[in-house]
Amino acid sequence: MAQTLFIPKEIDEPRVGGSPETVKKLTALGFAVVVEAGAGVASRIPDGEFVAAGAAIGKAADIARADVVLKVRRPSSAELKAYKKGAVVIAMLDPYGNDAAVKALADAGVTAFTMEFMPRITRAQVMDVLSSQANLAGYQAVIDAASEYDRALPMMMTAAGTVPAAKVFIMGVGVAGLQAIATARRLGAVVTATDVRPAVKEQV
């Protein structure tokens with residue numbers, strides 16, 4: 001009998017623990033994938049796309065029979081009450097400094113895997129949630145900053161005169177910072193950056 005893998009609708013979180021692409025891969029591995037109705041709506045993924053990928057659409061109560069639960073955020077104590085003992089929970093659990101939450105997972109009798117601890121090696125690169133989310137964060141930071149700035153970022157030459165390019169300063173050039181630099185440059189800004197690590201100089 002196939003194991004049931006459940007993807008619930010997140011609470012106060014627009015992302016979803018799986019996509020139609022991952023559903024196809026999981027069903028090919030033999031899992032019976034159930035996606036909670038509306039789980040992907042905030043990520044602009046309608047239920048129909050999950051169904052087309054091979055998933056069944058269920059309700060929140062279906063989590064009680066799930067062997068594996070895929071989430072974005074750590075389940076709350078209230079959510080854990082519905083999980084069956086022995087279920088495997090895979091999510092970003094944010095365990096550091098959250099001893100009570102980790103204890104709640106243990107008390108619920110689930111086996112929890114935190115995606116933040118995935119080794120950052122070539123074989124595990126496709127599961128590196130920290131880099132992928134940091135990359136998006138760097139992009140979004142510049143888009144939000146440009147919106148707040150409320151002026152054009154590139155140099156604008158008009159008949160009425162010239163508007164100089166905006167100057168953008170990036171603090172920290174890790175994954176997020178590098179994407180922020182690239183995004184700001186694409187928008188036409190003059191970009192400078194700093195980082196306390198000398199080793200990152202060659203990346204800027």
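This tour visits an aromatic pair, an aspartate contact and a helix in a predicted model.

**The aromatic pair**

Begin by selecting tyrosine 96 and phenylalanine 117, which form a tilted aromatic pair with ring centres 5.6 Å apart and 50° between the planes. A search of the whole structure finds one such pair. Tyrosine 96 lies in the loop between strand 5 (88-92) and helix 4 (99-107), and phenylalanine 117 in the loop between strand 6 (111-114) and helix 5 (129-149), so the pair ties together parts that are 21 residues apart in sequence. With a surface displayed, tyrosine 96 is exposed at 67% relative accessible area, while phenylalanine 117 is partly exposed at 45%.

**Aspartate 67**

Next, select aspartate 67, in the loop between strand 3 (56-58) and strand 4 (68-73). Its side chain makes a polar contact of 2.7 Å with the side chain of lysine 84. Leaving aside residues up to four places away in sequence, aspartate 67 touches Gln3, Thr4, Lys84, Ala87 and Val88.

**Helix 5**

Then move to the start of helix 5, where a side-chain oxygen of aspartate 128 comes to within 3.3 Å of the backbone nitrogen of leucine 130. Colour Val129, Ser131, Gly138, Val142 and Ala146, the buried residues of helix 5. The elements covering these buried residues include strand 5 and helix 6 (175-186). Finish at aspartate 150, which follows helix 5 and has a positive phi, near 60°.

Conventions
Residues are numbered from 1 along each chain as its sequence is written. This is a predicted model: local features need pLDDT of at least 70, side-chain atom pairs count only at pLDDT 80 or more; totals for chains, interfaces and linings use all residues. Side-chain values use heavy atoms; hydrogens and water are left out. Rings of Phe, Tyr and Trp (its six-membered ring) pair if their centres lie within 6.5 Å; planes under 30 degrees apart count as stacked, over 60 as edge-to-face and the rest as tilted. Helices (H or I, at least four residues) and strands (E, at least two) are DSSP runs, numbered from the N terminus. Buried means under 20% relative accessible area, exposed over 50%, partly exposed in between (1.4 Å probe, protein chains only). A polar contact is a pair of N or O atoms within 3.5 Å; within protein, one must be able to donate a hydrogen and the other to accept it, and residues adjacent in sequence count only if both atoms are side-chain atoms. Contact means heavy atoms within 4.5 Å.
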